[in-house]
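Work through the exercises below with the model open. Each task is followed by a solution in steps.

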Amino acid sequence: MNFHAIRAIYKFEMSRTRRTLLQSIVSPVLSTSLYFVVFGSAIGSRITDIDGVTYGAFIVPGLIMLSTLTTSISNASFAIYFPKFTGTIYELLSAPVSYFEIVVSYVGAAATKSLILGLLILGTAHFFVPLKIAHPVWMLTFLVLTAVTFSLFGFMIGIWADGFEKLQMVPLLIVTPLTFLGGSFYSIHMLPPFWQKVTLFNPVVYLISAFRWSFFERADVNVGISLAMTFGFLLLCMAALRWIFKTGYRLKA
Amino acid sequence: MLSVSNLSKVYASGFQALKRVNLEIRRGEIFALLGPNGAGKTTLIGIVCGVVTATEGRVVVDGHDNVRDYRAARAKIGLVPQELTTDAFESVWNAVSFSRGLFGKPPNPAHIETILKQLSLWDKKDNKIMTLSGGMKRRLLIAKALSHEPEILFLDEPTAGVDVELRRDMWELVRSLRDKGVTIILTTHYIEEAEEMADRIGVISRGEIILVEDKREIIRKLGRKQLTLHLQGKVDRLPESLAGYRLEIAPGGAELVYTYDSQSESGGIPALLRDLHEAGIEFKDLNTDQSSLEEIFVSLVREKR
Ligand SMILES: Nc1ncnc2c1ncn2[C@@H]1O[C@H](COP(=O)(O)OP(=O)(O)OP(=O)(O)O)[C@@H](O)[C@H]1O
Ligand SMILES: [Mg+2]
């Protein structure tokens, strides 16, 4: 195991974040806080409680998930796409590092960043809405799982993309709709029966449901099923990445 | 030290960039790979370094197969790419330290300091890469490649876009590396560079290695010498007695050009001069010319087409 390489890449990626602190951390925290201001403090009081939780508090887990998930994808996809774009990837490809080490370091850095972001948002939410977390350990577990899984997913997008357009396409056209329709702002029990069934095909529903359960002990879907689905998606991403690296797909000419 | 056998590369576009290439590089030598644009030099280097996948064939680096045993193989190699591809926002120091870590070596600030000083980048160590000039970026890439103390160094056109003085410095550096036992493989379009630096030269054209030879041997074997005689008067045709020589009358008739192989040291010059004298052709001056590697190279590549 080339630990020096893992450390070097991880450090490099984290220092890239420090350079772009405003864009990668401050701006998502700020924009998410606006939701808390609007829905928590301003109009939240006019909306009835859901499952016995005030609306302002109800949306907090969903919004944290939403930010963690989208930044995981964008962090990881950009991290590997950019060296491909500038050509500096030659160094990575010529170095004595295994694909596993490459993934661990890039995905590890991307997940770390979005984890920090998620926790920062949780902290800010605290200022606007009263919150209590029923199962902090589970809360963290789900957050880490989500950050890692979607960083893997983003990493794949970064390898697959051969232009900036493609890099943004998947997050914009698929992930954003899935997250908004994944129950960040409502309980899926509020949907008509038919749409409740359709919505179960959306993987994000499981993430948000389980994450919200760790706060309020109320879930749309059984927590065990959620956990299994999350792990399933994680394994799927790992298998796909394995294939990509085995074939050299879009990394080597 | 490096052994390439039966290496072929067909790009996804269907273009065959390498055709069953065989090449042996000896430990500690400077090997220059010469060839026109698009000959396949960068492709060959890319495959050895693991940046490009081979379609067929095998590369063994100091006993390690570069696919099955890629860790050991790659750890021995430093690569300076042809293109100036660098990060923009990193500092010089961080970029070089990063490379060292990437190749699995523990941090060693003293070593990096030595390299940066050697490449006259020490006063730029805290500068962002994007503030460097093209020649400095080239040196940075060399510093990155040397950061992990490789045993084999690939330099893909190291002196492209580098001024004369710096080129001299670079040659100096390459020689000092060789003296430390580093094997060096460089590609270049400047033939005087190969002539100046290399121990052995390989010529590649259209994906095929058409010649690998000791530098001196090439010049000796393929080099031609010419003797030009500036005549006192003019001649329009050669007398019968001189028909046995490879003599040509230069346009104008005031000069005779005699071509001979450099292998036969004297090339029969005394006999020629005697015969000339007997034929009544007198000359007032003479000079000889030896074809340079450049001329040899151009004629070789042209012959192949
Ligand atoms: N990724 C690629 N896809 C398709 N063809 C390629 C690719 N890379 C290189 N080629 C082709 O392969 C051939 C060899 O290219 P290569 O870069 O190895 O040449 P070279 O000898 O390094 O040339 P130069 O002296 O210009 O650097 C060229 O005809 C080039 O067009
Ligand atoms: Mg080239």
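**Exercise 1.** How many residues lie between strand 4 and strand 5 of chain B in their hairpin, and which residue in the turn has a positive phi?

Solution. The model is a predicted one, in which local features need pLDDT of at least 70, side-chain atom pairs count only at pLDDT 80 or more, and totals for chains, interfaces and linings use all residues. Residues are numbered from 1 along each chain as its sequence is written, chains are lettered from A and ligands numbered from 1 in the order in which they are written, and side-chain values use heavy atoms, with hydrogens and water left out.

Step 1. The hairpin of strand 4 and strand 5 of chain B has 2 residues between its strands. Strands (E, at least two residues) and helices (H or I, at least four) are DSSP runs, numbered from the N terminus.
Step 2. In the turn, D62(B) has a positive phi of about 50 degrees.
Step 3. The two strands run antiparallel and are joined by 2 bridges: V61(B) has H64(B) as its partner, and V60(B) has D65(B).

**Exercise 2.** Find the order of the strands in the open sheet of chain B.

Step 1. Strand 1 (residues 2-10) of chain B pairs with strand 4 of chain B over 5 bridges, in the antiparallel sense; pairing requires at least two DSSP bridges between two strands. Across this pair, S5(B) stands opposite R58(B).
Step 2. The order of the 4 strands is 2-1-4-5, with antiparallel pairing.
Step 3. Strand 2 (16-25) and strand 5 (64-65) of chain B each have a single partner strand, so one side of each is left without a neighbour in the sheet.

**Exercise 3.** Which side chain meets that of D62(B) in a salt bridge?

Step 1. A salt bridge puts a side-chain nitrogen of Lys or Arg within 4 Å of a carboxyl oxygen of Asp or Glu.
Step 2. The side chain of R27(B) meets that of D62(B), at 2.9 Å from N to O.
Step 3. R27(B) lies in the loop between strand 2 and strand 3 (30-34) of chain B, and D62(B) in the loop between strand 4 and strand 5 of chain B, so the pair ties together parts that are 35 residues apart in sequence.
Step 4. Over all chains, the structure holds 19 salt bridges.
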